[in-house]
Amino acid sequence: MNRIFNLGLCVLALSLAACGKQEPKTAATPAPTEYLVGAEATFAPFEYQNEQKEIVGFDVDVMNAIADKGGFKIKFVNTPFEGIFNFLAQGDRDLLASAITITDERKQTVDFSEPYFEANQLIVVPKNSKVTKFADLKNMKVGVQSATTGDEIVQKELGKNNPNIKRLESATLVMKELEGGGVEAVVSDNGVVKNYIKNNPSEGFRLISDPAFSKEYYGIAVKKGNAELLAKVNKGLAAIKADGSYDKIYAKYFADTAK
């Protein structure tokens with residue numbers, strides 16, 4: 001009897017021990033029901049606020065179309081461009097769609113979608129300016145939007161700490177600075193300066209293209225290593241390019257601009 005009882009205890013103990021060794025199952029982290037998209041809403045026509053303070057523009061329409069085809073939901077959040085990548089790294093934003101140029105330096109900290117827009121830098125000067133090329137800006141006061149590729153290009157030509165470089169937080173403020181005579185020239189993305197001049201024809205600006213400015217390509221950024229979300233974005237982007245949706249959105253904003 002005692003031997004049988006003891007044997008039963010041993011079996012029970014072994015069973016409990018075996019149960020104790022089972023690792024708890026970890027549930028997979030569910031994808032958010034709505035991804036937050038960071039965009040600096042002062043960069044018309046790519047992203048800006050309408051009279052109802054809603055974020056609208058080319059990037060918004062493109063991103064909404066991508067989300068629809070990719071099978072996910074998004075919400076745009078107005079985000080300052082200077083520091084926009086920090087919001088992504090900290091998890092405060094899931095995506096960035098803000099006319100962001102794909103560069104090798106940025107690829108080190110974020111992952112980009114396939115390109116969705118081709119751009120280039122332009123010089124903006126008053127009509128009576130004698131500037132004809134980028135090199136002419138060497139000893140002039142030049143306005144740029146802080147942390148943009150325009151800022152980087154001007155730094156390389158004029159010097160990183162050159163006091164003649166005036167950095168402002170938005171492209172609109174940079175153009176206003178040119179209007180007021182605070183700078184003698186502006187270097188910025190072609191789409192945004194053409195849009196500004198189109199809507200402010202009385203200011204009398206002249207645009208200058210220079211071979212020193214290489215082509216740039218905008219991409220949608222996700223946190224480094226977020227392959228699942230990147231795949232969704234690229235799937236949606238490919239779909240809107242294939243079915244003509246992208247071309248319709250492009251024509252809506254850039255009908256008078258050569259593609």
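Predicted model: local features only at pLDDT ≥ 70, side-chain atom pairs only at ≥ 80, totals over all residues.
In what order do the strands of the open sheet of 3 strands lie, and is their pairing parallel or antiparallel?

**View 1. An open sheet of 3 strands with the order β2-β3-β4.** The pairing in this sheet is antiparallel. Strands β2 (42-43) and β4 (55-56) take the edge positions, where each has a single partner strand, so that one side of each is left without a neighbour in the sheet. Between β2 and strand β3 (residues 47-49), the antiparallel pairing runs over 2 bridges, and within this part of the sheet T42 is found opposite Y48 of β3.

**View 2. The largest cavity, with a volume of about 120 Å³.** The lining of the largest cavity is made up of 16 residues, and those closest to the centre of the cavity are F43, F81, A99, T148 and D189. Sorted by class, the residues that line the largest cavity are 5 nonpolar, 8 polar and 3 charged.

**View 3. The second largest cavity, which holds about 40 Å³ of space.** The structure has 2 cavities of 30 Å³ or more, and the one shown here is lined by V144, Q145, A171, V174, M175, V186, V187, S188, V192 and V193. At least two residues of this lining are supplied by each of β10 (142-145), α6 (171-179), β12 and α7 (190-199). By class, 8 of the lining residues of the second largest cavity are nonpolar and 2 are polar, while none is charged.

**View 4. The salt bridge between D243 and K69.** Among the 8 salt bridges that the structure holds, this one has its closest N and O atoms 3.0 Å apart. D243 belongs to the loop between α8 (227-242) and α9 (245-254), whereas K69 belongs to helix α2 (residues 58-70), so the pair ties together parts of the chain that are 174 residues apart in sequence. D243 is partly exposed, with a relative accessible area of 39%, and K69, at 38% relative accessibility, likewise counts as partly exposed.

**View 5. The salt bridge between D111 and K224.** Here the closest N and O atoms are 3.1 Å apart, and the pair links distant parts of the chain, with D111 in strand β7 (residues 110-112) and K224 in the loop between β15 (221-223) and α8, 113 residues apart. With a relative accessibility of 17%, D111 counts as buried, because the cut-off for that class is under 20% relative accessible area. K224, by contrast, has a relative accessibility of 45% and counts as partly exposed.

**View 6. The salt bridge in which the side chains of K166 and E177 meet.** The N to O distance in this salt bridge is 2.6 Å. K166 is part of strand β11 (residues 165-168) and E177 is part of helix α6, so the pair ties together parts that are 11 residues apart in sequence. The relative accessible area of K166 is 34%, which makes this residue partly exposed, and E177, at 21% relative accessibility, also counts as partly exposed.

Methods:
Residues numbered from 1 in each chain as written. Heavy atoms only, no water. 1 Å grid on protein atoms, 1.4 Å probe; cavity = no way out; pocket = protein on both sides within 12 Å on 5 of 7 lines; lining within 4 Å. Points joined across faces, edges and corners; volume = space filled by probe spheres on them. Nonpolar A, V, L, I, M, F, W, Y, C, P; charged D, E, K, R; others polar. Helix = DSSP H or I, 4+ residues; strand = E, 2+ residues; numbered from the N terminus. Pairing = 2+ DSSP bridges. Salt bridge = Lys/Arg side-chain N within 4 Å of Asp/Glu carboxyl O. Buried < 20%, exposed > 50% of the residue type's maximum accessible area, 1.4 Å probe, protein only.
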